[in-house]
Amino acid sequence: MSWSQELKKDYKPSEILFAADIIDLGKTFFTDETRLEFHSKIDFHQFYLTGEFGVDKFKLGGDNYTYTSEGSFFRIGPQVNLMPYNLHRSSIFFGLMYARSSFNDQINYDQSDAGWGGTTIDYKNDNMSARWFEANVGINVKIAGPVYLGYTVRFKFSKALTGNGELFPYEIPGYGEADKGSRFGFNYYLIYKLRFRNKPVPKRPIRRAEEPENVPRPEKS
Amino acid sequence: MRDLIVLFCGLLLLWACSEEPDCNLDLGSNTVFVNFYDIEDSSELFLKFVQIRERSSDSTFYTSEDSLSSFAVALNPDNSTVTYVFIGSTDEDTLSLGYSKELRWISESCSPSFYYDELEVIGSSFTHELSSTTIDVSIDENIKVYR
């Protein structure tokens, strides 16, 4: 058996995707948190260059503390479309990304350690930053016209945090809980696909039986 | 249709749950254990102090009449050094400690807690030996004092 046809390479971009995380949009509209995450990607043959941006602003409160955090993050990296033959231009993709976040936080904390009585402590971290890497896999499915839905599952690893003082941050924007060395993440996106060039969907290769070689032909009588 | 089924299978991931920590078990410790030994034979030495207090405040950590060989003192969350005064019936001794501290999170529901580490003795009138720089609920001896 052999592939009768290879995927024709066309590196000239043909589409840009704009996406917004609809779960984060819901949190922003229906709670007092601000969590927004967007991404955009452009195609090169069956590859994408992807850029993502987000902002986080939230407040936590308990019996003895009030904590606020605010920051932004970006991610950038390549992705490969593992399903380039889909007639609806839906895709399953895998990607690697570099991510970076800048943020600050502060806490007002009432402590009551044994032996010292109660005191109120204020800590503030300005200009913290973190970087990490991500391996992600996801799917985009055509809903109607240029509108797609999709999700991305992320494995975030190799985190490095700098700039914190005696208050360890609760969360790193775009990463999640700051004390974890690796994290899984999930985003659910509403996607608008802007096509600016007609690039035909390549045909799926067809397996064809090879003609046997060195087979003696029957002699004519 | 098949694509849509795959898409919505991803929603199942939203129900993935993580284990909630036990707030009481995961709390940091602020206690340093000072254990006393006989300088001659290194056996446990039971002592009675009038009071153990912090030098610059009125915080008191021991007023017991009991004879003990191990005394627990609390680190100060407002500062990164502390000096304890061990007041005996006829004499006074001091023990000054330095340490790092960090306000860390167990979870949102547990609220943050101070975690202490890198204990050091920065001065003492006691003959002493640092046994453990770690401050943790599993540690029952940080400083050995010989008398």
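Me: How many helices and strands does chain A have?

Reply: Happy to walk through it, keeping in mind that this is a predicted model. Chain A has one helix and 12 strands. Read from the N terminus, its elements run β-β-α-β-β-β-β-β-β-β-β-β-β.

Me: Is chain A compact or spread out?

Reply: The idea is to set the radius of gyration against the globule rule, 2.2 Å times the number of residues to the power 0.38. For the 221 residues of chain A the rule gives 17 Å, but the radius of gyration is 25 Å, well over that, so chain A is more spread out than a compact globule. Its C-alpha trace spans about 115 × 40 × 25 Å along the principal axes, and buried residues make up 29% of the chain.

Me: Let's turn to chain B. In what order do the strands of its open sheet lie?

Reply: Four strands line up as β4-β1-β9-β8, with mixed pairing. An edge strand pairs on one side only; here the edges are β4 (70–74) and β8 (127–130) of chain B. Neighbouring strands are turned by 25° against each other on average, direction ignored.

Me: In which sense do β1 and β4 of chain B pair?

Reply: Antiparallel, over five bridges, with β1 covering residues 31–37. T31(B), for instance, stands opposite A74(B) in β4(B).

Me: And how many residues of chain B are in contact with chain A?

Reply: There are 23, facing 27 residues of chain A. On the chain B side, α1 (2–9), β6 (92–105) and β7 (112–124) each supply at least two residues. β6(B) gives the most, with five. By type, that side divides into 12 nonpolar, five polar and six charged residues.

Technical notes:
Residues numbered from 1 in each chain as written. Chains lettered and ligands numbered in written order. Predicted model: local features only at pLDDT ≥ 70, side-chain atom pairs only at ≥ 80, totals over all residues. Pairing = 2+ DSSP bridges. Axes fitted to C-alpha atoms, helices over the stretch in contact; angles between N-to-C directions. Contact = placed C-beta atoms within 7 Å. Nonpolar A, V, L, I, M, F, W, Y, C, P; charged D, E, K, R; others polar. Buried ≥ 20, exposed ≤ 12 C-beta atoms within 10 Å, placed from the backbone.
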